[in-house]
Amino acid sequence: MRIILDTSVLWNPTAVNLLAETGDDVIIPTVVFAERARQFRKKGYSVRDLRIWLSANQFEIESMDSTMAVKYSSEITDDTAWNKLSRDSLIAGHISDDDQLWTSNLDDFIEIGVPPANIFQV
């Protein structure tokens, strides 16, 4: 099993510590990396600092291909819903059947169609 992280998990020290105990591969989707890099820069840190932190925690940044990009996002045709859910739908595109998404934002991922069995709420 792989654990796919939503950006919200990276703000939760308890969850980050728990990840180390699982022994599972921890995946940072490209969108999560971009969101966290922006947050790091806003706080005065560099993107390099973020890469060092992710590496120290053995978190792997995973690129997105076109199949992942449309897996959930292509079903969101309403512009208002897209404005709210687009990043979450792109993050969810990284989830395979045996993966688990860790998030504190359960409702949005269920709304875009991620099976609840693939979500762990932190």
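Biologist: Which residues of α2 are buried?

Modeller: This is a predicted model, and every value below is computed from it. A residue counts as buried when its relative accessible area is under 20%. In α2 the residues that are buried are Val31, Val32, Phe33, Glu35, Arg36, Ala37, Gln39 and Phe40.

Biologist: What covers the buried residues of α2?

Modeller: Both strands and helices take part in the cover. The strands include β1 (2-5), β2 (25-29) and β3 (59-62). The helices include α3 and α5 (79-92).

Biologist: What span should α2 have, and how far apart are its end C-alpha atoms?

Modeller: Helix α2 has 13 residues, and at 1.5 Å a residue it should span 18 Å. The model agrees with that, because the end C-alpha atoms of α2 are 18 Å apart.

Biologist: Is the crossing of α2 and α3 left-handed or right-handed, and which residues make the contact?

Modeller: The crossing of α2 and α3 is right-handed. From α2 the contact takes Phe33, Arg36, Ala37, Phe40 and Arg41. From α3 it takes Val47, Asp49, Leu50, Arg51 and Leu54.

Biologist: At what angle do α2 and α5 pack, and what does that make α2 to α5?

Modeller: The axes of α2 and α5 are 8 Å apart, and the angle is about 130°. That angle makes α2 oblique to α5.

Biologist: Which residues of α2 and α5 meet, and how do they divide by class?

Modeller: On the α2 side the residues are Val31, Val32 and Glu35. They meet Arg87, Leu90 and Ile91 of α5. By class, the contact of α2 with α5 has 4 nonpolar, no polar and 2 charged residues.

Biologist: Which residues does Leu90 touch beyond four places in sequence?

Modeller: Leu90 lies in helix α5. Its C-alpha atom is 17 Å from that of Val26, 64 residues apart along the chain. Not counting residues up to four places away in sequence, Leu90 touches Val31, Met64, Ala69 and Ser73.

Biologist: Why is Gln39 classed as buried, and with which residues is it in contact?

Modeller: Gln39 is found in helix α2. Gln39 is buried because its relative accessible area is 16%, and the cut-off is under 20%. Leaving aside neighbours within four places in sequence, Gln39 is in contact with Thr7 and Trp11.

Biologist: Is Val16 buried or exposed?

Modeller: Val16 lies in helix α1 (residues 13-22). Leaving aside neighbours within four places in sequence, Val16 is in contact with Val9, Leu10, Trp53, Asn57 and Phe59. With a relative accessible area of 10%, Val16 is buried.

Biologist: Which residue follows α2, and what is its phi?

Modeller: The residue is Gly44. Its phi is positive, near 95°.

Biologist: Which residues is Gly93 in contact with beyond four places in sequence?

Modeller: Gly93 is in the loop between α5 and β4 (100-103). Gly93 is buried, with a relative accessible area of 6%. Leaving aside neighbours within four places in sequence, Gly93 is in contact with Met68, Lys71 and Tyr72.

Biologist: What separates the C-alpha atoms of Gln121 and Ser104?

Modeller: Gln121 is in strand β5 (residues 119-121), and it touches Thr103, Ser104 and Leu106, not counting residues up to four places away in sequence. Gln121 and Ser104 are 17 residues apart along the chain, and their C-alpha atoms are separated by 5.3 Å.

Definitions and conventions:
Residues are numbered from 1 along each chain as its sequence is written. This is a predicted model: local features need pLDDT of at least 70, side-chain atom pairs count only at pLDDT 80 or more; totals for chains, interfaces and linings use all residues. Side-chain values use heavy atoms; hydrogens and water are left out. A crossing is left-handed if the near helix is turned anticlockwise from the far one by less than a right angle, and right-handed if clockwise. Helices (H or I, at least four residues) and strands (E, at least two) are DSSP runs, numbered from the N terminus. Contact means heavy atoms within 4.5 Å. Buried means under 20% relative accessible area, exposed over 50%, partly exposed in between (1.4 Å probe, protein chains only). The expected span of a helix is 1.5 Å times one less than its number of residues. Axes are lines fitted to C-alpha atoms, for helices over the stretch in contact, and angles run from 0 to 180 degrees between N-to-C directions. Angles under 35 degrees count as roughly parallel, over 145 as roughly antiparallel, 65 to 115 as roughly perpendicular and the rest as oblique. Ala, Val, Leu, Ile, Met, Phe, Trp, Tyr, Cys and Pro count as nonpolar, Asp, Glu, Lys and Arg as charged, and the others, Gly among them, as polar.
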